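Please read the points below alongside the display.

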Amino acid sequence: MLRCREVIDNADQLLDGAINKRQRLAIKIHLLMCRHCRRYVRQMQALLCAIPFMHKKASDAEVYLVMEHIHEHQAYPP
Amino acid sequence: MAKNKAHQAISQFEGRSQIRTWLGRIVINEAKMQLRQRGRELLFSDWRPDDEPGDALADRFNHNGSWQSPPMQWDMDTPESLLMREDLANCLEEVLNAMPPNQRTVLELRDTTGFSFEEICNELSLSASNARVILHRARSQLFKLVDHYEETGEC
């Protein structure tokens with residue numbers, strides 16, 4: 001039986017889908033019985049979806065730099 | 001007609017994929033520059049798990065590995081609601097900015113830019129196990145912050 005600590009250490013791989021069947025089963029069995037770990041995994045999943053949007057709006061200079069590179073890329077494709 | 005559409009779709013796909021790679025390259029270059037500027041910090045390839053403070057949630061478990069201080073039930077448990085609170089969003093950005101460059105880079109590449117683990121390991125000359133440890137530490141810091149915010153209403 002996995003301990004909570006082990007489940008949390010492996011939760012990243014579970015959420016990334018990078019885990020083998022045996023490990024997945026062991027974690028799923030633990031999650032059926034442990035509401036704290038279920039809560040951790042559910043909330044971590046929401047957090048991961050929010051991470052790409054955590055950055056503040058880019059400054060005009062940053063937007064200009066990116067657009068310039070994109071235009072350059074379109075003008076001279078590799 | 002179908003051939004034209006397919007061709008268009010392929011070139012758009014290639015364009016997006018290249019932009020993603022290019023954005024990832026910016027993240028990596030920025031991180032390497034920061035590491036050089038800070039001087040004392042180790043390059044990715046020299047990194048060992050003991051080189052930085054451990055998992056931000058380590059003290060939440062007892063010696064048996066069970067929760068001693070379990071996570072709070074978050075009111076904001078969807079990505080949208082997490083980002084709605086401006087004060088929390090500011091705190092999350094602060095934590096991102098204060099992260100060791102190793103953690104920030106792996107987090108940005110995996111969770112913002114969408115690089116695969118294989119790509120991250122290749123680009124940063126990291127072993128898969130070290131990359132996993134670094135990513136877990138970065139994500140744990142963010143989780144701890146939100147959990148604390150839910151408990152106290154402050155960062």
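The points that follow concern a helix pair in chain B and the interface of chain B with chain A.

1. The structure is a predicted model, and the remarks below should be read accordingly.

2. Within chain B, helix 4 (residues 101-112) and helix 6 (residues 128-152) have axes that come within 8 Å and cross at roughly 90 degrees. Helix 4 of chain B is therefore roughly perpendicular to helix 6 of chain B.

3. On the helix 4 side, the residues that meet helix 6 of chain B include B:Val106, B:Leu107 and B:Arg110. Among their counterparts in helix 6 are B:Ile134, B:Leu135 and B:Arg139. The residues of this contact comprise seven nonpolar, three polar and four charged.

4. Between the chains, 41 residues of chain B are in contact with 33 residues of chain A. The area buried there is about 3300 Å², with carbon and sulfur atoms giving 64%. On the chain B side, B:Trp67, B:Arg132 and B:Arg139 lose the most area to chain A, together 17% of what that side buries.

5. Five salt bridges are found across the interface of chain B and chain A. One of them joins B:Arg139 to A:Asp12, with the closest N and O atoms 2.8 Å apart. Residue pairs in polar contact between the two chains number 14.

6. Helices 1, 2, 3, 4 and 6 of chain B each supply at least two residues of the side that touches chain A. Helix 6 of chain B gives the most, with eight residues. That side of chain B divides into 21 nonpolar, eleven polar and nine charged residues.

Conventions:
Residues numbered from 1 in each chain as written. Chains lettered and ligands numbered in written order. Predicted model: local features only at pLDDT ≥ 70, side-chain atom pairs only at ≥ 80, totals over all residues. Heavy atoms only, no water. Axes fitted to C-alpha atoms, helices over the stretch in contact; angles between N-to-C directions. Helix = DSSP H or I, 4+ residues; strand = E, 2+ residues; numbered from the N terminus. Parallel < 35°, antiparallel > 145°, perpendicular 65-115°, else oblique. Contact = heavy atoms within 4.5 Å. Nonpolar A, V, L, I, M, F, W, Y, C, P; charged D, E, K, R; others polar. Buried area = accessible area lost by both parts, 1.4 Å probe. Salt bridge = Lys/Arg side-chain N within 4 Å of Asp/Glu carboxyl O. Polar contact = N/O pair within 3.5 Å; in protein donor to acceptor, adjacent residues only side chain to side chain.
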